[in-house]
Structure formats: C-alpha cells, structure tokens
Amino acid sequence: MQKRYRYLMTALLTILTIILTGISLGGGLSVAAGRGTIFTGVTIDGIDLSGMTIEEAEAAVEAYLEEMYATSVTLVAAQGNKVAVQIADFSPVWSNREVISEIIGLAANGNVVERYMMSKDIEVNGALYTIELTYDEDKIRSILTEQCAVYDIPVENAVLTRENGVFSVTGGNVGEMLDVEASLNDIKTNLLTYYKEGMTEISLVVNEEQPQGTEEELLAVTDVLGSYTTNYNTSGANRSANVANGCRLVNGTTLYPGEEFSMYDAVKPFSTDNGYYMAGSYLNGQVVDSLGGGICQVSSTLYNAVLLAELNVTERHPHSMIVTYVPRSADAAIAESSGKDFRFTNNTDHPIYIEGYTSGKNITFTIYGVEERSANRTVEYVSETLEENVPTTEKIIADAGQGVGYISVQSAHIGYRARLWKVVYENGVEVSREEVNTSSYSMSPRTAVVGTNTDNPDFNARIQDAIASGSIDNCKTVANQILAEINAASAAAAAAAAQQVPLPPESEVVPEL
C-alpha cells in the first residue's frame, strides 16, 4: 500500500514539474519553446518522423517520394512482353499532405496529463500513418494503350473454307487482351504498396479469350439456307471487274450466332489498291463515275440471299433511283459518302458460311448453315408497286467546261414507291404475308449536258438557241452539226498544210545574178 502511494506521488510530482518547467513531453509539444514537434514513435509509410517539425516531416516525405518517382518499373503485358516506365510517368501527386498537420496536432490535444500519457503510449506502441497518392489516369491509360496493348493477341475464331464443293476448317487461336481499365485501377490502388515491397515488375490484367467454333460444329454447316443470282451482262469492263472484286471480298465469310455482318466493312476501302475501278454510280439523281461503281449489285444480290435464309436484317437502304437487276424494294444500297450500309446478324443457333462467285457475268451468293426450318415450309418475296411517277420534262445543263459540240445524254428514270412482301407457304398453301420494307425511288428526267465553250460567235449563238429551245434532241442535232463543221475545218486545214512546199534553208538559197 505504501509502495503504490509512493508511485502515485512520484507521478504527480513529475507532472507538476513538467507544468512548471515546460519540459517537452516525450518529443510532443514543447511548452517552453512554443514549438510543435512530433511524438516519438510516429511513422508514415515507414518514415520515422519522431521529433520533427511540420517542415522537417514534409521534407522527409518529399525526399522519399522523389526517390520513388525516379524508380523504374516494368509492366508485363500479353505473352510476358515487358514495358519499362518510370513511376514519374504516371504523374503521381501526394494528395494527403494535411496528414502532417494532423500528426503535429496530436501534441496539442487534451490537457497536459492526457498529452503525456498519449506520448508514452505512442512511444511504446507506435503510430502508423500512410501516404496517399493520386495519378493522372489519362497518362496511365495512354501508356497502357499505346505501349502495352500493342502486344495483345486478338482471338481468332475457327473459320470454314470451301474449295471444289468441299468444306474444311482452319484457324482458331486463343486471344490475350489487356484489360486497360482493370490494369489502370490496380496501378492507382497498389503502386505505392508495390514500391514499398520492392516489386519492380507489375503484371497487368490480361484476359484470355477463347475462340468460337469447333471442328465438329463447323463441319455441320452443309445445308443451303438461301441462294440468289443476278446478271450484269450489260456492264462494261470496269463495272464487271468491280462486281467480281466485291464478290471476292465477301466470299468465305464465317458468321457465328449473334454476330453482325457489315457489307461496307467487308468491301472497303474503295481504292485502286483494293481492286476497284472507275464505273457508273448514282449521285444526286445523276449517273457519275466513281471508284467501285457496281458494288451495290453485290450488296443487293447478297441481300436477297439473306432474305431467303431468313436472317435478321439490321440495316438496309434503297437506291436513290431504280435499279433493274433486282425487283423493286429488293435492292440494298451502300454508299460511303452518305453512310449507307447493309447489315444483318446470324440469328440461327449455328455458324453460317457465305459463298460468293461470278460466272458468265452472273453473280451468286449462297448461304450455308444448319437447316432447322420445316421441310414443308417455303418462303418467297413479292415486289408490289404502289406508285409510279413518270417524268414529263427534260433537263438541259449548259457546261462551259466542255467545248461546243459536246453533248452527253442520260436516260430518264421513272420514280416509284414499292413494297416488298414476305410470303410463307406450308405444303404449298400461303399461311402468312408480312411486309418487309417500303422503298421510294426518285424520278429523274432525261438529262443532257451540253458544251458551250467556243470563240466562234456563230457556234455560240446556235448552241445557245438550241439550249433555249428546251429540246434535248434539238441540242443533239445542233451539237452534231457544229462538231461536223469543226472536224471538216480541221481536215481542210490539215490538207492545205500538207500541200504546201517548204522553202529550202536560207543557206541553200541561190542569189539571182
């Protein structure tokens, strides 16, 4: 009892002495000096801040972070490929600087006895604080995308090929793809921990992607779901080449259940390097030459095969004016300039294979799959004309960029509004009739481009009078007459020049005596 009493008295005397003399409480608040220092035993991420002022503590943390920022780490991407970066490349920022003020504030909390007891507790048990960092997410994302994702291995689905009427299976590789957002989040959350633990390599989040299609599944694709043929025997060499080229680019496509096919993606870009030539196509009610002219016949032929296969059409556009190689409302235009595309999805439970070929100026697409429709069920598509708009005027365009005598005439196009019906039969009896689409085609009058560029007043007056008449046939007559006169004058001038005898060179002239 006496021993305990002596202990309490000693503690009280010690505290009284501290109060009276201003002795520093274990490295805490120095009353006498009026200066805040940190208790002994306080650390922040392993940095000992004992006895430091706020300025000294901040400087210690800054020095620690500078060393960290200068450290190189290796990011491990797909297939173990490594990308070396500095932590500074992530633009880290110390975001909880206020923690130093909070630590200093410990020495000012409570009365003198409480502060003393706290200082002794921290001295024995320690007080651990952590540094918090923020990073520039855009910079991390850029590093991951531009330097690490380049090592991704895209998944390759197994595909069908068909040669000489026989199917075979090729391809099928597992993909490895960097998960950019998951990797970014890991770096933000754990980079400081990795550094403290001495880790110099960070394994990024890389996901495996399994390919679709087994050999057994693909070799079951043998049934004809739909087939359609169109003819292009009136096409010139360039348009014929474009049709054949587009067919080649689509041929051999394997489409898995749920996948979408884009005609535009399959046949782009429209360039000479991709096998295209200049040929006629529609633009603003006129037929103009463009690279890939005729590609819409490829698209329209495939559209009809898709309809017969009863696949799900997700995008389809009619031409601006009528075409003749498929029934009205059974066409599918694509146009890079206006963003038109033909798209469909494989809505069956099995892969499908698209075969396309040209022969004798015919183009054919056949879609193979696994037939699950009833054998007594058939489908056909019927075009219905709802409206017809016949042009009653002619259009003449004077073109000063063409010489007088030039004339180019385009035939009139009748405007239509049409509807396409899907008709289903069972055992030869119609059981349903469903509207597929309604299409409108613009009317275009017979149009002539007439050249007016001439220095001859007589020619100019005659061609202007012909244009003013509003008759294309009259313009043709006058233009042909003027052209004949120009050709005749050119022939006469050439003949006269041929009959002239040139004088001998001056050095050979004999002077008269």
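Trainee: Are Asp 331 and Arg 316 buried or exposed?

Mentor: Buried means under 20% relative accessible area, exposed over 50%, partly exposed in between (1.4 Å probe, protein chains only). Both Asp 331 and Arg 316 are buried. This is a predicted model: local features need pLDDT of at least 70, side-chain atom pairs count only at pLDDT 80 or more, and totals for chains, interfaces and linings use all residues. Residues are numbered from 1 along each chain as its sequence is written, and side-chain values use heavy atoms, with hydrogens and water left out.

Trainee: What does Asp 331 form with Arg 316?

Mentor: A salt bridge is a side-chain nitrogen of Lys or Arg within 4 Å of a carboxyl oxygen of Asp or Glu. Asp 331 forms one with Arg 316, with the closest N and O atoms 2.9 Å apart.

Trainee: How many salt bridges does a search of the whole structure find?

Mentor: It finds 25. One of them joins Asp 265 and Lys 268, at 3.5 Å from N to O. Asp 265 is partly exposed, at 41% relative accessible area. Lys 268 is also partly exposed, at 39%.

Trainee: Which side chain meets Arg 417 in a salt bridge?

Mentor: That of Glu 387, at 3.8 Å from N to O. Strands are DSSP runs (E, at least two residues), numbered from the N terminus. Arg 417 lies in strand S27 (residues 415-426) and Glu 387 in strand S24 (residues 377-389), so the pair ties together parts 30 residues apart in sequence. Arg 417 is partly exposed, at 34%. Glu 387 is partly exposed, at 45%. Elsewhere, salt bridges that share partners join Glu 137, Asp 138, Arg 141, Glu 181 and Lys 188 into one network.

Technical notes: Helices (H or I, at least four residues) and strands (E, at least two) are DSSP runs, numbered from the N terminus.
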